[in-house]
Structures are given as structure tokens and as C-alpha cells.
Amino acid sequence: MYFAALLARTEDGWEASDTELDDVETLSDLTELAREASDDDTVIVFIEQEDAWFGIVRIEGEEDPRIYVSDGAAAARSSYGEILTREILGDDLDDIVDELESLDLDGTEDGEPLDGDTDDDEETSVAAEAVPAAPVGDRLILADLGMPPADLMALDSDALAEIADALGAAEVLEAVR
């Protein structure tokens, strides 16, 4: 189960809203959703999966999104997390996946699949194994907004509340939770 929220900076301060990710299949979809919340100002998208991992996407105007994920391996095992980790690691992840797949480490002789065919779940599993079980992405993503990298990397439970507090947006966040 996922929880997602948007924090958009406006002339009057921060505005918070929870959001549905049903139509999000790519980073472009997520970026478009965020840009709809605020034209040229900063938008922080927060995604969390049952306290296993959280991700932050920062969008400012037409600039490329900046991304941080608290646990790359856990995130890579989920649909929205894989979108974020693939964007962070890009071609490096594809190279690692190709290398792991070439090793035929599936527990059978000659690398033959156990059930005859491979599927998308197997590819996601290989990708998840290739991603570190540690924070990945832009650790400075919130530094200029009041949350130093060390504080960001130390977050585990209730990360959104602590992020909103550091940004000065705790009160508006409480209104949507």
C-alpha cells in the first residue's frame, strides 16, 4: 500500500495535498502530476510504501526532477519505487542487470529457467538485487529548504512529518492527513 502527498510552494507558503498515483506509470507522469499542482514553483512529491521505503521527487519549473529514495533495494521491488530507482541509476542499472542475467544464477543447470519462461517479475527481481539496500539519489534534494543530507538519511518512520516540519509545512500537512 502506498501513500503519496504533494507539497507545493506558493507565494503564500506551502500547500499540501494527498494524491492518487493510479495513473502514474512513468517518471514523466509523476512530473506532470506535480507540475499541475504548481506552475513554476517548487513541488515536493512524497511517496511511501508501508514504512519499507520512501521517495522524494523535487520538481521546479521545467528543470529535470531531482530524486531521493531511502532504500534503493526495497523500492526497486515495487512498481513506483522501480520508476524512481531506474531513473536514479539509469544505464548503470541496465548494465548491472545484464551482467547478473548473464551469470545464470537461477539455481538450475545451464541457466534453464525453473518454469520454462521468464516474466517481468523476474526482471524486477534481478533489478532489485542490483540496487543497494541504502539511500540512493540526490541527498542534497532538501538541503536548501532546511533539511541537511544527514537528517534526510537518518529518517525512517514518519518521514513525511519530519520533512514537512523542516520545510515549515507541518501545519498544512496535518490538514490533509
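Buried means under 20% relative accessible area, exposed means over 50%, and partly exposed lies in between, computed with a 1.4 Å probe on protein chains only. Good morning, colleagues. The structure above is a predicted model, in which local features need pLDDT of at least 70 and side-chain atom pairs count only at pLDDT 80 or more, while totals for chains, interfaces and linings use all residues. Residues are numbered from 1 along each chain as its sequence is written, and side-chain values use heavy atoms, with hydrogens and water left out.

I begin with strand E4. Helices (H or I, at least four residues) and strands (E, at least two) are DSSP runs, numbered from the N terminus. Two strands pair if DSSP finds at least two bridges between them. E4 runs antiparallel to E3 (residues 42–49), joined by 8 bridges, and antiparallel to E5 (residues 66–69), joined by 4 bridges.

I turn now to salt bridges, each a side-chain nitrogen of Lys or Arg within 4 Å of a carboxyl oxygen of Asp or Glu. The whole structure holds 4 of them. In one, arginine 58 meets aspartate 144 at 2.7 Å, N to O. Aspartate 144 lies in the loop between strand E6 and helix H5 and arginine 58 in E4, so the pair ties together parts 86 residues apart in sequence. Arginine 58 is buried at 2%, whereas aspartate 144 is exposed at 56%.

Finally, which residue does arginine 86 meet in a salt bridge? The partner is glutamate 82, at 3.1 Å, N to O. Glutamate 82 counts as buried, at 18% relative accessibility.
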